[in-house]
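Here are my notes for someone opening this model for the first time. Have it on screen as you read, and take the points in order.

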Amino acid sequence: MTYSEKVLHDLKIKNPNEPEFIQAAEEVLESLAPVVDNDPRYQKTGLLERLVEPERQIMFRIPWVDDNGEVHVNRGYRVQFNSAIGPFKGGLRLHPSVNLSIIKFLGFEQIFKNSLTGLPIGGAKGGSDFDPKGKSDMEIMRFCQAFMNELYKYIGADEDVPAGDIGTGAREVGYLYGQYKKLTNRSEGCLTGKGLSFGGSLARTEATGYGLVYITEELLKDHGKDISGSRVAVSGSGNVAIYAMEKATQIGAKVISCSDSTGYIIDENGIDVEAVKKIKEVDRKRISAYLEIHPDATYGEGSIWDNVTCDVALPCATQNEINKEQAERLADTGCYAVCEGANMPTNAEATQVFLDKNVLFIPGKASNAGGVATSALEMGQNSIRSSWTFDEVDAKLKGIMINIYYHMKDACEQFDAVDNFVVGANIAGFMKVADAMMAQGIV
């Protein structure tokens, strides 16, 4: 049994009830085998064993009171996975599906994603099984304050800087930040995704979606293709999906789909992004309301990936949304590029289908790194008590995403895995973290 196989074997025994975390670890460790199995320094220092075990994982109760005076108790998490290259950095997810396995999977992925940006930030993730849907502003505020009453003990500008994620937008970040200031009496960059009036960064809202399109555009360009004029299928209708659709449309692509948890829209005339923004960000309605504005579009229930035909797929909804059969269908109907906007939206079997069928594929740890990259730029602006223009941040974002692509490509070529960007992303992200961990000793 090789070193990487032994670590994975032991990890499965130690974490038998954490399928999402094991899935992420298995993909990474298999990719890293050519590096770690041929360098005895890593085994001698137990580097992989340290890499797959969080530095710290915190679980706590969150008691809060609804508008009717009823007490609820949710569970909160913060998994601080690796700080070798900088303070912990990663979002806070508020969703009923949240559990320790999902937070660990997201935190583990965040290590490599943050490393790929080239910025000095470590990997972490947090959240709660609280569902913000259907809650009043006052209920959201009371929950966020209760969440921060415990979380504040473990975060800070030079320790751990959480951000938004699914269910955690500008409103939630504002309430969290207000409670942090009240508890600590400090005004510092302890959270990113803040409002512009109290330390937020321009372009942060757009960053993950825009960054996804920038790296997709570079991938296609490097392979003799042009995103302009291509048919692009997007899943989801949250922040990432909306701004991926917006940027793709701006550079000449034809975006033909979006979705939410109830169903999907296919509009062969091109998705009306402003209509989707109003439906999801203002009216907070289901995506089926799109038909009230564009009755010629098609609405269906189930998965968009069972029905859409496209050149480029940008899955931006949630983990494991594309399975093996759907991947085969996409490849067989002409899709030639898939770039993940969500975290691990393609399951392991589907990813292998794309690689086997020579569909250009970039994993989320690289292609959706634009959000955390711009969060790190927000941290920098907070540190110098200044702010940059939208165009300045956007230009830095585009440069970071293009650099990520070529770092992945170089790693692919170095380890004889041309165009296998799963391997390229994992190795490129790993090398920086591994070098830092080796240099800092066994800690």
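1. Helices (H or I, at least four residues) and strands (E, at least two) are DSSP runs, numbered from the N terminus.

2. A word on ground rules. This is a predicted model, where local features need pLDDT of at least 70 and side-chain atom pairs count only at pLDDT 80 or more, while totals for chains, interfaces and linings use all residues. Residues are numbered from 1 along each chain as its sequence is written, and side-chain values use heavy atoms, with hydrogens and water left out.

3. Back to H9, which is mostly covered, with nine of its twelve residues buried. Buried means under 20% relative accessible area, exposed means over 50%, and partly exposed is in between (1.4 Å probe, protein chains only). The buried ones are Val-240, Ala-241, Ile-242, Tyr-243, Ala-244, Met-245, Glu-246, Lys-247 and Ala-248. So the list takes in Glu-246 and Lys-247, which count as charged because Asp, Glu, Lys and Arg do; Ala, Val, Leu, Ile, Met, Phe, Trp, Tyr, Cys and Pro count as nonpolar, and the others, Gly among them, as polar. The cover over the buried residues of H9 includes H8, strand S6 (231-235), strand S7 (254-259) and helix H10 (273-282). After H9 comes Gly-252, with a positive phi near 100°.

4. Now look at helix H2 (residues 19-36). Its 18 residues reach 24 Å from the first C-alpha to the last, close to the 26 Å expected at 1.5 Å a residue. H2 bends by about 35° at Glu-30, and a proline, Pro-34, follows within four residues. The bend at a residue is the angle between axes fitted to the seven residues ending there and the seven starting there. Buried residues in H2 include Phe-21, Ile-22, Val-28, Leu-29 and Leu-32.

5. How does H2 sit against helix H5 (residues 100-116)? Their axes come within 6 Å and cross at roughly 25°, which makes H2 roughly parallel to H5. Axes are lines fitted to C-alpha atoms, for helices over the stretch in contact, and angles run from 0 to 180 degrees between N-to-C directions. Angles under 35 degrees count as roughly parallel, over 145 as roughly antiparallel, 65 to 115 as roughly perpendicular and the rest as oblique. From H2, Pro-19, Glu-20, Phe-21, Ala-24, Ala-25 and Val-28 meet residues of H5 that include Phe-105, Phe-108 and Phe-112. By class, that contact has nine nonpolar, one polar and three charged residues. Contact means heavy atoms within 4.5 Å.

6. H5 also packs with H17, at an angle of about 80° and with the axes 8 Å apart. The two helices are therefore roughly perpendicular to each other. Ile-111, Phe-112, Ser-115 and Leu-116 of H5 meet a set in H17 that includes Ala-425, Gly-429, Phe-430 and Val-433. The contact of H5 with H17 has seven nonpolar, three polar and one charged residues.

7. Two phi values are worth a look. Most residues other than glycine have a negative phi. Asn-185 has a positive phi near 60°, in the loop between helix H7 (170-184) and helix H8 (207-222). Met-344 has one near 50°, in the loop between strand S11 (337-339) and helix H13 (348-356). Which is buried and which is exposed? Asn-185 is exposed, with a relative accessible area of 72%, whereas Met-344 is buried at 4%.

8. Finally, some loop residues. Asn-420 lies between helix H16 (390-414) and helix H17 (421-439). Its C-alpha is 10 Å from that of Gln-352, 68 residues apart along the chain. Leaving aside neighbours within four places in sequence, Asn-420 is in contact with Leu-355 and Cys-412. Ser-303, in the loop between strand S9 (298-300) and strand S10 (312-315), has contacts with Tyr-264, Glu-321 and Gln-326, again leaving aside neighbours within four places.

Note on methods. Expected span 1.5 Å × (residues − 1).
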